[in-house]
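Hi everyone, thanks for coming.

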Amino acid sequence: MVTFPNAKINLGLLITEKRPDGFHNLQSCFYPVGWSDALELIPASETAFSSTGLPIPGEPMQNLCVKAYDLLRRDFDMPPVHIHLQKNVPIGAGLGGGSADAAFTLRLLNDRFALSLSVDQLENYARQLGSDCAFFVQNRPVYCIEKGDVFREIDLSLSGYYIVLVYPNLAISTAEAYARIRPQQPEHPLADLLLQPITTWRNTVHNNFEASLFPTYPVLASVKEQLYEAGAVYASMSGSGSTLYGIFDAPPADLNQFAQYRVWQGKL
Ligand SMILES: C[C@@](CO)(OP(=O)(O)O)[C@H](O)COP(=O)(O)OP(=O)(O)OC[C@H]1O[C@@H](n2ccc(N)nc2=O)[C@H](O)[C@@H]1O
Ligand SMILES: Nc1ncnc2c1ncn2[C@@H]1O[C@H](COP(=O)(O)OP(=O)(O)O)[C@@H](O)[C@H]1O
């Protein structure tokens with residue numbers, strides 16, 4: 001069984017307060033994009049993990065895919081499996097790649113072993129693996145609050161637009177990015193701003209991590225500016241970085257200025 005865990009972008013990301021548990025409350029819209037890994041479950045006599053493509057930091061048996069298997073194994077009698085991951089989505093990129101792999105592993109195991117877990121149950125398992133992991137269970141555009149794991153409907157569709165993702169060959173640790181940020185309550189809820197025309201977003205829809213990371217990593221501001229110069233209707237950093245994305249109303253003709261970086265483009 002093969003599945004294709006895809007990345008997400010954040011349309012706006014406001015970090016509103018530090019919580020007593022050390023995490024942060026936020027407001028964001030999580031939106032799925034097509035840049036994907038490939039994940040396969042192979043019957044095996046012993047549980048194992050292997051990967052090809054981009055090297056993944058950390059021990060293979062500590063991979064989030066294995067953690068997802070171990071989590072379900074505590075509650076269900078599943079046979080051993082060999083999990084193979086073709087890693088394409090950059091790591092430390094603000095694209096939720098590892099979280100997607102974990103959530104898709106839960107979904108795949110649920111199907112493969114007929115565990116009959118509901119969406120709510122899968123989301124509860126996913127929450128234990130990472131804050132943005134639960135989003136990938138349903139994997140559809142949603143407005144996120146609290147740790148990024150509580151969802152509200154949002155009437156927002158970008159279908160018809162094109163997206164360009166630029167990973168500027170720089171990994172940023174999510175924990176370090178949160179450690180630098182000063183939370184603040186927004187003047188207007190992000191949901192209200194996102195419901196205005198996309199042409200207004202440049203001046204209103206912000207990612208709070210940009211202010212603390214752009215001075216340290218000038219390449220981030222430079223790539224964002226270049227995306228606007230290439231004709232983006234809206235451009236931003238995704239998550240805690242380092243990927244920048246641009247949303248275009250037609251496929252951009254020339255992206256040679258990003259030739260030294262990892263670039264993905266597609267339809268939204
Ligand atoms: C910033 C965001 C925005 O979508 O995405 P990425 O940049 O990772 O893609 C997420 O909040 C990242 O979620 P995720 O990557 O799952 O984080 P976790 O593994 O749960 O936590 C990693 C670390 O980030 C911090 N953290 C994470 C989420 C949150 N709401 N508050 C936090 O303070 C904590 O220090 C935690 O130890
Ligand atoms: N399957 C996986 N893919 C990517 N990273 C993984 C995976 N499993 C565990 N990790 C760990 O999670 C960390 C961040 O993963 P990732 O989700 O790509 O971050 P971000 O969303 O912040 O870009 C990596 O440093 C890596 O050590």
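**A walk through the strands and domains**

Let's start with strand 3 and strand 7 (residues 142–145), which run antiparallel and are joined by 3 bridges. Before going on, a caution: this is a predicted model, where local features need pLDDT of at least 70 and side-chain atom pairs count only at pLDDT 80 or more, while totals for chains, interfaces and linings use all residues. Residues are numbered from 1 along each chain as its sequence is written, and chains are lettered from A and ligands numbered from 1 in the order in which they are written.

A word on terms. Strands are DSSP runs of E with at least two residues, helices are runs of H or I with at least four, and both are numbered from the N terminus. Two strands pair if DSSP finds at least two bridges between them.

Back to strand 7. Which residue there is the bridge partner of C29? It's Y143. Y143 also stands opposite R152 in strand 8, and strand 8 (residues 150–152) runs antiparallel to strand 7, with 3 bridges joining them. Those two strands form a hairpin with 4 residues between them, and E146 in the turn has a positive phi of about 55°.

Now over to strand 6. With strand 4 (residues 38–43) it pairs in the antiparallel sense over 6 bridges, and L41 stands opposite I83. Strand 5 (residues 48–53) runs parallel to strand 6, again with 6 bridges, and A48 has H82 as its bridge partner.

Where do the side chains of strand 6 point? Buried here means 20 or more other C-beta atoms within 10 Å of the residue's own; 12 or fewer is exposed, in between is partly exposed, and C-beta atoms are placed from the backbone. In a regular strand the side chains alternate between the two faces of the sheet.

Next, the loop between strand 6 (81–87) and helix 2 (97–112), where we find A93. L95 sits in that loop too. An unreviewed UniProt entry annotates a "binding site" that includes A93 and L95; such annotations may be inferred rather than shown by experiment, and their positions are given in the numbering used here, with feature names shortened. Why does A93 count as buried? Because it has 24 C-beta neighbours inside 10 Å. L95 counts as buried because it has 28.

What do they touch? Contact means C-beta atoms, placed from the backbone, within 7 Å. Leaving aside neighbours within four places in sequence, A93 is in contact with Y167, S242 and T243.

On to the domains: the assignment gives domain 1 (2–152) and domain 2 (162–267), with bounds that come from an automatic or database domain assignment. Their C-alpha centres lie 23 Å apart. The contact takes 25 residues from domain 1 and 32 residues from domain 2. On the domain 1 side, strand 2 (6–18) and strand 3 (24–36) each supply at least two residues, and strand 2 gives the most, with 10 residues.

Last stop: 4 strands form an open, antiparallel sheet in the order 10-11-9-12. Its edge strands, each pairing on one side only, are strand 10 (234–237) and strand 12 (262–267). Strand 9 (residues 162–167) pairs with strand 12 over 6 bridges, and L165 has W264 as its bridge partner there.

Definitions and conventions. Two residues are in contact if their C-beta atoms, placed from the backbone, lie within 7 Å.
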